[in-house]
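Take a moment to get your bearings in the model below. Then read on for a guided walk through it.

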Amino acid sequence: MATDPLHQFRIEQIVPLHLAGHDVSFTNSSLYMVVAAVLVTGLLVAGTASRALVPGRLQSVAELLYEFVSGMVRDNAGAQARPYFPLVFSIFAFVLFGNMIGMVPGTFTFTSHIIVTFTLAALVFVFVTLVALIRHGFHFFSFFFPSGAPIALAPILIPIEIISYLMRPVSLSIRLFANMMAGHTMLKVFAGFTITMIGALGAVGWLAGAVPVAINVALIGFEIMVAFLQAYVFTILTCLYIRDAIELH
Amino acid sequence: MVNPRLMVWLKGLAAAAVLTVALGGTPSFAQSGEETAHATDSVEHEAGVHDEKGLPQLNTKTFASQIFWLAITFGTLYVLVSKVGLPRVGAVLEAREAKISGDLDKATQLKAETDAIVAAYEKAVAEARAGAHKLLNDTAATADAAAAKRTADVVAGLAAKQKEAEARIEGQKQTALANVRAVAAEAAAAAVAKLAGVEPDQAGVDGAVDAALKERA
């Protein structure tokens, strides 16, 4: 049995595939991305199949998800951000389902990979910058100098603002990836303790090994919360960036 | 409830473990685990492209595949969600909103109609009551007037009759008085004739009687 806590993050090829000299094999990561996309779409389509006036369970979940993200966009990004609702919804649903699917033992958590979270964060970053440039043109660059600040501070403020702006995708992606990775590693580390104890201590190990299992039970609850919370944080920051892009300061 | 500070501490521990593993100084449990994992891996995967040591997240050879499939799955998800999923949910929510507000409008309209009917009914009742009141008052006034007129007539009739009776009494009294004079004159003449033996003069008797009546009146 594999007790390497990092083994769960290993990318395993399922269907080898090469495109223009790049290895784009269909992997376990790709598989769960597809699963997440299918589940999200399936929830929305199957949930609205009956179009009931009084919603059933699945429809309630679909409506809840819709209104939750809709409210998030309205409250954090403003009314003008309504056209970007589908994008924000896709991000939230994709990350949430990615995180939650990862909580099922034996699955792969694609959001625990920095390249995935960074690509998503970069998408948000590029999108938000484009929105700001299209809406405000060159006036967008005034974003890097807070209005009302003394001109003398410009040499200090402008680099700080630019760096903090450029750091957005970095912090956005690392926050999500690190949380998912740390949580899953921790679960595996504690599970590994049990196996090591049983292997090393025999009968006593079976008894002592119950302690990390008990801790893991609590941790899984905590990790499910983190899985939701990180999807929420990622999305809410996306909303705030969109608000910045629409309103500047 | 799990203490969040404990969680932070545990996470730090886990992160330390991860770093140790990543940097090559593997603790014993991880090392044995890793060896086992590698053994399994080499059986399962001949290609071995992803069999790098260290953090799988930092294995750049897997980046192209992950970005590629992320783009495909997320792109597809975005299209499906924006073109199919969200419009469907939105339509359901809007239909419910419309139904609810429609029902509310209908209810408001029905309530307005009810209110109008109630107002009309109350107005009719008030009018009827006012009419009845007026009729009652008029009737009472008419009756009062008639009663007063009848009373006045009766009073007037009685007064006339009283006056007539008084006049009649006065007349009879005069007649009686006149008769009394005649009787007195006759009696005086008879008394004079009896006492004096002479037939008194008529004019003298009348004068004496008148003087006596005048004296007594």
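Here is a short report on the chains, some helix pairs and a few single residues.

## Ground rules

This is a predicted model, so a bit of caution is built in: local features need pLDDT of at least 70, side-chain atom pairs count only at pLDDT 80 or more, and totals for chains, interfaces and linings use all residues. Residues are numbered from 1 along each chain as its sequence is written, while chains are lettered from A and ligands numbered from 1 in the order in which they are written.

## The two chains

Start with chain A, which has eight helices and four strands. Of the 249 residues in chain A, 41% are buried. Here "buried" means that 20 or more other C-beta atoms lie within 10 Å of a residue's own; 12 or fewer makes it exposed, anything in between is partly exposed, and the C-beta atoms are placed from the backbone. Among the contacts in chain A with a separation of 6 or more, 64% link residues 24 or more positions apart. (A contact needs C-beta atoms, placed from the backbone, within 7 Å.)

Chain B has four helices and zero strands, and its pattern along the sequence is α-α-α-α. Buried residues come to 14% of its 217 residues.

## Helix α4 of chain A and its partners

Look at α4(A), residues 114–136, beside α8(A), residues 210–247: they pack at an angle of about 20°, with axes 8 Å apart. (The axes are lines fitted to C-alpha atoms, for helices over the stretch in contact, and angles run from 0 to 180 degrees between N-to-C directions.) That angle is why α4(A) counts as roughly parallel to α8(A). The naming goes like this: under 35 degrees is roughly parallel, over 145 roughly antiparallel, 65 to 115 roughly perpendicular, and the rest oblique. On the α4(A) side, the contact includes A:Val124, A:Val128 and A:Val131, and on the α8(A) side A:Tyr241 and A:Ile242 are among the partners. By class, this contact has eight nonpolar, one polar and one charged residues. (Ala, Val, Leu, Ile, Met, Phe, Trp, Tyr, Cys and Pro count as nonpolar, Asp, Glu, Lys and Arg as charged, and the others, Gly among them, as polar.)

α4(A) also meets α6(A), residues 168–201: their axes come within 8 Å and cross at roughly 145°. This crossing is right-handed too. Residues including A:Phe118, A:Ala121 and A:Phe125 in α4(A) meet ones such as A:Leu172, A:Leu176 and A:Phe177 in α6(A). The class count for this contact is 11 nonpolar, two polar and one charged.

## How long are these helices?

How far does α8(A) reach from its first C-alpha to its last? The answer for its 38 residues is 55 Å, close to the 56 Å expected at 1.5 Å a residue. (The expected span is 1.5 Å times one less than the number of residues.) The 34 residues of α6(A) should span 50 Å, and its end C-alpha atoms are 48 Å apart, which agrees.

Just past α8(A), A:Leu248 has a positive phi of about 50°. Just after α6(A), A:Gly202 has a positive phi of about 65°.

## Another pair: α2 and α3 of chain A

Helix α2(A) and helix α3(A), residues 85–102, pack at about 120° with their axes 10 Å apart. That makes α2(A) oblique to α3(A), and the crossing is right-handed. A:Leu65, A:Val69, A:Ser70 and A:Val73 of α2(A) make the contact with residues of α3(A) including A:Phe85, A:Phe89 and A:Phe92.

A:Gly71 lies in α2(A), residues 57–77. Is A:Gly71 buried or exposed? A:Gly71 is exposed, because 10 other C-beta atoms lie within 10 Å.

Most residues other than glycine have a negative phi. A:Ala20, though, has a positive phi, near 50°. You'll find A:Ala20 in the loop between β2 (18–19) and β3 (22–23) of chain A. A:Ala20 is exposed, with 6 other C-beta atoms within 10 Å.

Definitions and conventions. Helices (H or I, at least four residues) and strands (E, at least two) are DSSP runs, numbered from the N terminus. Two residues are in contact if their C-beta atoms, placed from the backbone, lie within 7 Å. A crossing is left-handed if the near helix is turned anticlockwise from the far one by less than a right angle, and right-handed if clockwise.
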